[in-house]
Amino acid sequence: MLPTIAWDLDDIVMIDQRKLPAQEIYVRCRTAKDVAKAITTMVIRGAPAIGVAAAMGIAAGMKRSKATGTRQFTVEFNQTCDLLAATRPTAVNLFWATARMKQAFGVGALAGESPAELADRLRREADAIHDEDVSSCRAIGDAGAGVVPQGARILTHCNAGALATAGYGTALGVIRSAAAQGKVAQVFADETRPFLQGARLTAWELTREGIPTTVITDSMAGLLLRDHRVDLVIVGADRIAANGDVANKVGTYTLAMMAHAHGVPVYVAAPRSTIDLSTPDGAGIPIEERSAKEITHVGGAQVVPDGASVWNPAFDVTPHRLIAGIVTERGIARAPYDASLRP
Ligand code: MRU
């Protein structure tokens, strides 16, 4: 199992995803502020992983709290939750995890627990969120493997793997489970400009496990689909609206349109913590815009001339009509999603 994020006593250790695949180094976070910085700077990324990191960051922060009374501890807890929730706007798992930590805190506070007892409760809740994410990914993998045909050639975008979750992965969880059943002939990984999650992270994960992987630039997917070299597309999600519209890494929409035009099914794999029933459709999903430097520079070298402006939305929304099925830990939801995604 890949070590995405783990406790080391009261510290949190995470693999630095900015440095892969060239270097395998780890970042140690002692405070909630350290974890918030790790999320905003992409040391850790991927919707389920940043939800887990936020929960662990809250637990780590409150464990080190110097607050003497419950009132001061509560104020600090709410500020810590706000800090973590403000790190990235699109992945709903972040808000889901923060809400769960608040709920756990509320139960303890109502029972009159001391700050030390509340801190222990938060640690247990963060551990539960971490472990449930791994088991959800395994269940997603098993459910999704059912739609993968023998000898499958699969196209994926971004990294929805062990690195994007507490372990095993969502879209890559499906690929892992299908590969274990001997069904996967070839995985095509979109490079995923500008952060290169596909080239750097997906290819790293899959090749480590001996799953045949070919990296293509994002703009090559159309040709690959036209030439009947892909049986299915599978991607992760950052937020799924109540009607089944899916926000995922920018480029997913283009890929889904192209796949649809060529009759290739597109599956989305995500835990239920990624479903946001309070957002009716994709138009209500906030799209993060990131620094221009991610586009103007590649590996530290400037590739865009000074004076050119840059637009860098990190996600796009794929309308539900382009999606053949949404794989969650409960099985495969199909249209109409308004009904099939309900709890
Ligand atoms: O900007 P990122 O790397 O956090 O974006 C990640 C994605 O878009 C993933 O596809 C998504 O979070 C699903 S991860 C299981």
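Biologist: Arginine 100: buried or exposed?
Modeller: Buried, at 17% relative accessible area. Buried means under 20%, exposed over 50%, and partly exposed in between, with a 1.4 Å probe and protein chains only.

Biologist: What's the model's basis?
Modeller: It is a predicted model: local features need pLDDT of at least 70, side-chain atom pairs count only at pLDDT 80 or more, and totals for chains, interfaces and linings use all residues. Residues are numbered from 1 along each chain as its sequence is written, and side-chain values use heavy atoms, with hydrogens and water left out.

Biologist: Which side chain meets arginine 100 in a salt bridge?
Modeller: Glutamate 132, at 2.6 Å, N to O. A salt bridge here is a side-chain nitrogen of Lys or Arg within 4 Å of a carboxyl oxygen of Asp or Glu.

Biologist: New topic. How many salt bridges in the whole structure?
Modeller: The search finds 20.

Biologist: What does arginine 64 pair with?
Modeller: Aspartate 11, at 2.7 Å, N to O. Arginine 64 lies in the loop between helix H2 (47–63) and helix H3 (70–85), and aspartate 11 in strand E2 (residues 11–15), 53 residues apart.

Biologist: And aspartate 11, buried or exposed?
Modeller: Buried, at 8%. Arginine 64 is partly exposed, at 26%.

Biologist: Which residues are linked in a network?
Modeller: Asp8, Asp11, Arg28, Arg30 and Arg64, through salt bridges.

Technical notes. Helices (H or I, at least four residues) and strands (E, at least two) are DSSP runs, numbered from the N terminus.
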